Amino acid sequence: MTQAELLRYLADVLETLGLEYMIGGSQASMYYGEPRLTRDVDVIVKLRLDDLLAFVEQFPPDDFYLDEQSAREAIDASGQFNIIHPTSGLKIDVYVNPDTPYDQTRLARRQRLPLMPGAEAYFARPEDVILYKLLYHRQGGSDLHLRDVLGILRVSRSELDDAYITEWARRLGVAAIWERVRNQV
């Protein structure tokens with residue numbers, strides 16, 4: 001299974017189950033910015049305990065590793081769990097969408113985009129990819145997140161809602177990082 005096939009499979013599962021989702025992380029930053037190597041897919045999902053059994057059943061243990069208990073804990077804590085495709089070595093990081101004003105806003109803003117010929121999926125908007133990359137940089141200090149932001153700015157800057165990013169960066173406490181990165185381009 002290729003990364004593109006895994007992404008399509010994931011989108012098909014989420015849409016079949018009627019779950020709100022959006023592709024985020026490096027996949028989304030590459031969609032709007034510059035390519036880079038990644039072995040995982042990040043997806044943000046509005047997932048409830050009532051949805052979990054049907055979700056888990058879509059990832060059979062002969063093909064995938066998914067720890068149901070970790071998924072339950074992630075739902076309870078608005079955290080994250082993994083789905084691994086051992087044959088390919090690919091991984092899906094499933095982030096349960098937190099119930100905060102910003103996280104509700106970013107999920108509502110998602111947009112449907114072409115994934116591959118004949119398939120579409122929901123992606124986080126580029127402004128929200130930038131904001132989460134800034135948050136992750138603040139948490140862990142990784143410059144990889146800032147490189148992704150710079151890539152989005154280089155490729156998609158004219159299409160970005162700068163006022164939206166600036167306002168949410170202020171509200172999320174990452175305004176100084178945003179200003180520093182924005183001034184580099």
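**A close look at the ring cluster**

Modeller: Start with Phe59, which is buried, at a relative accessible area of 3%. That value is under 20%, so Phe59 counts as buried. Keep in mind that this is a predicted model.

Now widen the view to the rings. How many aromatic pairs does the count come to? The count comes to eleven. One of these pairs joins Tyr9 and Phe59. The ring centres are 5.7 Å apart and the planes stand at 75°. An angle over 60 degrees counts as edge-to-face, so this pair gets that label. The two residues belong to distant parts of the chain, 50 residues apart. Tyr9 sits in helix α1, residues 3–16. Phe59 sits in the loop between α3 (49–57) and β3 (65–66). Is Tyr9 buried, exposed or partly exposed? Tyr9 is partly exposed, because its relative accessible area is 27%.

Tyr9 has another ring partner, Phe64. Here the centres lie 5.6 Å apart and the planes make an angle of 20°, so the pair is stacked. This pair also spans distant parts of the chain. Tyr9 is in α1, while Phe64 is in the loop between α3 and β3, 55 residues along. Phe64 has 6% relative accessibility, so it counts as buried. Step back, and ring pairs link Tyr9, Phe55, Phe59, Phe64 and Phe81 into a cluster.

Rings also meet charges elsewhere. Arg112 lies over the face of Tyr122, at 4.9 Å from the ring centre. Arg171 lies over the face of Trp168, at 4.0 Å from the ring centre.

Arg171 is partly exposed, with a relative accessible area of 48%. Its side chain meets that of Glu167 in a salt bridge, 3.9 Å from N to O. That distance is within 4 Å, so the contact counts as a salt bridge. Both residues lie in α8, four residues apart, about one turn of the helix. Salt bridges that share partners also join Glu15, Arg112 and Glu120 into one network.

Glu167 has a further partner, Arg170. The N to O distance in that salt bridge is 2.6 Å. Arg170 and Glu167 are three residues apart in α8 (residues 162–172), again about one turn. Is Arg170 buried or exposed? Arg170 is exposed, because its relative accessible area is 52%, and exposed means over 50%. Glu167 is partly exposed, at 31%.

How many salt bridges does a search of the whole structure find? The search finds 15. Another of them joins Arg109 and Glu127, with the closest N and O atoms 2.9 Å apart. This pair links distant parts of the chain, 18 residues apart. Arg109 is in helix α5 (residues 101–109), and Glu127 is in helix α6 (residues 126–140). Both residues are buried.

Next come two strands. β6 covers residues 111–116 and β7 covers residues 119–123. They pair in the antiparallel sense, over five bridges. Gln111 stands opposite Phe123 in β7. The hairpin has two residues between the strands, and Gly118 takes a positive phi near 85°.

Val45 lies in strand β2, residues 40–45. Val45 is buried, with a relative accessible area of 0%. What is Val45 in contact with, leaving aside its neighbours within four places in sequence? The list is Leu14, Leu19, Glu20, Tyr21, Val94, Tyr95, Val96 and Asn97. Asp63 is another matter of distance. Val45 and Asp63 are 18 residues apart in sequence and 21 Å apart in space, C-alpha to C-alpha.

Note on methods:
Residues are numbered from 1 along each chain as its sequence is written. This is a predicted model: local features need pLDDT of at least 70, side-chain atom pairs count only at pLDDT 80 or more; totals for chains, interfaces and linings use all residues. Side-chain values use heavy atoms; hydrogens and water are left out. Two strands pair if DSSP finds at least two bridges between them. Buried means under 20% relative accessible area, exposed over 50%, partly exposed in between (1.4 Å probe, protein chains only). Rings of Phe, Tyr and Trp (its six-membered ring) pair if their centres lie within 6.5 Å; planes under 30 degrees apart count as stacked, over 60 as edge-to-face and the rest as tilted. A charge sits over a ring if NZ of Lys or CZ of Arg is within 6 Å of the ring centre and within 35 degrees of the ring normal. Contact means heavy atoms within 4.5 Å.
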